[in-house]
Amino acid sequence: MNELLSDAQFNEFRKIIYDSSGITFSETNRSILDSRLKERLREKNLTELNSYYKLITSDKEEFKLFLDSITTNLTRFFRNQPHFDALIHYVIPQIIEEKKQSLGDKKIKIWSAGCSTGEEPYTIAMLLKDKLPAPYSFEIIASDISLKSLMVGQQGFYPDSRVSGIPQNYLASYFTKTDKGYQAKPDLMKCIRFDYHNLKFDMGARNLDIVFCRNVLIYFDEAAQKNTIDIFYKSMAKHSFLYIGHSESLFGMDTKFEFVKTPWACLYQKNEK
């Protein structure tokens with residue numbers, strides 16, 4: 001297949017992508033979709049786009065692989081450090097105080113949504129293992145629509161080039177050096193549960209204290225963004241915190257989240273009576 005997607009085919013593929021995931025393809029990123037489709041056709045030994053369209057509408061596993069191929073998985077350890085400074089100095093103390101007041105449990109529940117290859121949830125886990133005071137504990141659910149990315153996170157292995165953002169004391173405490181890179185230690189890995197999830201749908205989690213969903217909403221249109229934010233709100237505890245990317249905003253969206261400006265970073269809070 002040498003020619004670009006026809007207009008009709010482009011509209012057909014971007015509709016099925018949007019309807020199933022909320023991810024929006026515009027004319028500006030049409031070439032990305034075109035190149036990913038060419039890759040999948042080569043992988044499946046197909047020559048016709050129509051044949052591949054029929055395949056993804058009849059084969060759920062191939063459709064997952066297709067969605068995997070069109071997502072962008074750009075991430076790194078300790079990405080946007082001010083977010084993590086706010087986590088330690090503002091969010092965690094607020095949550096602990098709330099749990100004391102309500103005589104709630106001592107476990108802090110966190111969702112890393114759109115976790116990619118796992119650098120974000122591992123960063124959170126390292127920080128909390130180091131900074132969270134006794135008797136509090138934590139658990140992290142890490143989800144993504146990319147099966148390949150989730151497998152990297154589950155394996156917990158990163159080449160030397162990928163760990164440059166990790167402070168040396170954390171690297172020594174939580175990773176084991178190997179010939180080819182660094183392997184997360186079992187004690188760190190057991191804090192995180194990696195799970196396939198499409199943000200268009202409710203995961204079913206409830207009473208989450210913190211949700212990270214950074215640099216994901218930019219791939220959604222307004223309706224899909226609103227749907228995702230509403231799902232987060234339903235999933236979160238009465239007094240909880242939402243992180244989104246520094247280039248993302250809930251401004252102008254009909255949402256119950258409150259904007260919070262801390263000395264370190266801006267975030268959002270659910271604050272129900």
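A residue counts as buried when its relative accessible area is under 20% and as exposed when that area is over 50%, with partly exposed in between. By that rule Ile244, at 4% relative accessibility, is buried. The model described here is predicted. Its protein chain has 273 residues, and 48% of them are buried. The secondary structure comes to 10 helices and 10 strands.

**Overall form**

- A compact globule of 273 residues would have a radius of gyration near 19 Å, and the 20 Å of the protein chain agrees with this.
- Along the principal axes, the C-alpha atoms of the chain fill a box of roughly 60 × 50 × 30 Å.
- Of the contacts in the chain with a separation of 6 or more, 74% are between residues 24 or more positions apart.

**Nonpolar cores**

- The largest nonpolar core has 45 residues.
- Phe77, Leu87, Ile108, Met126, Ile166, Phe175 and Ile210 are the residues with the most contacts inside this core.
- Helix α5, residues 81-102, supplies the largest share of the core, with 8 residues.
- Another core lies apart from this one and has 41 residues, among them Phe13, Ile70, Val211 and Leu250.
- What does Ile108 touch, leaving aside its neighbours within four places in sequence? Its contacts are Ile92, Ile95, Ile96, Lys99, Leu132, Ser137, Phe138, Glu139, Asp209 and Ile210.

**Ile244 in strand β8**

- The buried residue Ile244 lies in strand β8, which covers residues 236-244.
- Ile244 and Phe212 are 32 residues apart in sequence, and their C-alpha atoms are 6.4 Å apart in space.
- Not counting residues up to four places away in sequence, Ile244 touches His83, Cys213, Arg214, Leu217, Ser249, Leu250 and Tyr268.

**Helix α1 against helix α4**

- Helix α1 (residues 7-21) and helix α4 (residues 60-70) have axes that come within 12 Å and cross at roughly 100 degrees.
- Because of this angle, α1 is roughly perpendicular to α4.
- On the α1 side the contact involves Phe13, Ile16, Ile17, Ser20 and Ser21, and on the α4 side Phe63, Phe66, Leu67 and Ile70.
- Sorted by class, the contact of α1 with α4 has 7 nonpolar residues, 2 polar residues and no charged residues.

**Helix α3 against helix α4**

- Helix α3 (residues 49-58) packs with α4 at an angle of about 115 degrees, and the two axes are 5 Å apart.
- At this angle α3 counts as roughly perpendicular to α4.
- Tyr52, Leu55, Ile56 and Ser58 in α3 meet Lys60, Glu62, Phe63 and Phe66 in α4.
- The residues of the contact of α3 with α4 divide into 5 nonpolar, 1 polar and 2 charged.

**Lys54 in helix α3**

- Is Lys54 buried or exposed? Lys54 has 59% relative accessibility and counts as exposed, and its place is in helix α3.
- Lys54 and Ile96 are 42 residues apart in sequence, and their C-alpha atoms are 52 Å apart in space.
- Ile96, in turn, is one of the contacts of Ile108.

**Backbone details**

- Most residues other than glycine have a negative phi, and most peptide bonds are trans.
- Phe78 is not a glycine, yet its phi is positive, at about 55 degrees.
- Phe78 is found in the loop between α4 and α5, and with a relative accessible area of 9% it is buried.
- Asn80 also has a positive phi, near 60 degrees, in a residue other than glycine.
- Asn80 is in the loop between α4 and α5, and its relative accessible area of 22% makes it partly exposed.
- Which kind of peptide bond joins Ala134 and Pro135? The bond is cis, with omega about 10 degrees.
- Pro135 is in the loop between α6 (119-131) and β2 (137-144).

Methods. Residues are numbered from 1 along each chain as its sequence is written. This is a predicted model: local features need pLDDT of at least 70, side-chain atom pairs count only at pLDDT 80 or more; totals for chains, interfaces and linings use all residues. Side-chain values use heavy atoms; hydrogens and water are left out. A nonpolar core is a set of buried Ala, Val, Leu, Ile, Met, Phe, Trp, Tyr and Cys residues joined through side-chain atoms within 4.5 Å. Buried means under 20% relative accessible area, exposed over 50%, partly exposed in between (1.4 Å probe, protein chains only). Helices (H or I, at least four residues) and strands (E, at least two) are DSSP runs, numbered from the N terminus. Contact means heavy atoms within 4.5 Å. Axes are lines fitted to C-alpha atoms, for helices over the stretch in contact, and angles run from 0 to 180 degrees between N-to-C directions. Angles under 35 degrees count as roughly parallel, over 145 as roughly antiparallel, 65 to 115 as roughly perpendicular and the rest as oblique. Ala, Val, Leu, Ile, Met, Phe, Trp, Tyr, Cys and Pro count as nonpolar, Asp, Glu, Lys and Arg as charged, and the others, Gly among them, as polar. The radius of gyration is taken over C-alpha atoms; the globule rule is 2.2 Å times the number of residues to the power 0.38.
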